[in-house]
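Dear colleague,

Please find the structure below.

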Amino acid sequence: AFLLALQVRFVMKTHSFIRENVPRVLSSAKDKSGTVHIPRISQYLYFLFAPTLIYRDSYPRNPTIRWGYVATKFAQVLGSLFYAYYIFVRLCIPQFRNSSQETFNLRGLVLCIFNSILPGVLILFLAFFAFLHCWLNAFAEMLRFADRMFYK
């Protein structure tokens with residue numbers, strides 16, 4: 001699942017890169033002007049790792065990297081992972097372990113599912129916080145990426 005998500009992200013970034021640059025190259029070819037602005041490899045590589053899906057030739061940048069902020073965000077990612085593991089082990093696994101020892105009935109299945117809804121929602125909130133907030137902010141800080149509008 002991780003590799004599939006990574007490949008989807010690369011396909012989306014490649015699409016954005018092509019969509020932004022092909023019209024520029026075609027318009028300069030149509031005008032027959034001598035200069036064609038082609039992005040440098042360093043701009044493309046920065047875009048691949050920056051937490052954005054919209055390609056620009058330059059992004060707003062911070063002057064320095066706050067390493068304490070990066071460490072805090074990675075600590076929050078680890079804390080979220082441990083907390084999700086704790087919720088899963090304490091609240092989800094016992095429900096299904098007890099149901100595997102009993103004979104199958106519809107009432108037991110429905111109770112097991114409804115007892116797992118709240119822990120599942122908590123784990124989804126933790127995954128959202130860990131990846132979309134902490135992980136992306138940590139990488140944005142390491143790349144000195146100043147535009148932190150991840151949720152828009």
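**Surroundings of W135**

W135 touches F74, V77 and A130, leaving aside residues up to four places away in sequence; contact here means heavy atoms within 4.5 Å. The model is predicted, so local features need pLDDT of at least 70 and side-chain atom pairs count only at pLDDT 80 or more, while totals for chains, interfaces and linings use all residues. Residues are numbered from 1 along each chain as its sequence is written, and side-chain values use heavy atoms, with hydrogens and water left out.

W135 lies in helix α4; helices are DSSP runs of H or I with at least four residues, numbered from the N terminus. W135 is partly exposed because its relative accessible area is 34% (buried is under 20%, exposed over 50%, partly exposed in between, with a 1.4 Å probe and protein chains only). Between W135 and P51 there are 9.5 Å in space, C-alpha to C-alpha, although the two are 84 residues apart in sequence.

Helix α4 covers residues 106-142 and also holds V121, which is partly exposed at 34% relative accessible area.

**Core and domains**

The largest nonpolar core has eight residues, among them F17, Y46, Y59 and F145; such a core joins buried Ala, Val, Leu, Ile, Met, Phe, Trp, Tyr and Cys residues through side-chain atoms within 4.5 Å. Y46 touches Y59, R61, L143, R144 and F145, not counting residues up to four places away in sequence.

The domain assignment, automatic or from a database, gives domain 1 (1-58) and domain 2 (60-151). Five residues from domain 1 and seven residues from domain 2 take part in their contact.

With kind regards

Terms used: Helix = DSSP H or I, 4+ residues; strand = E, 2+ residues; numbered from the N terminus.
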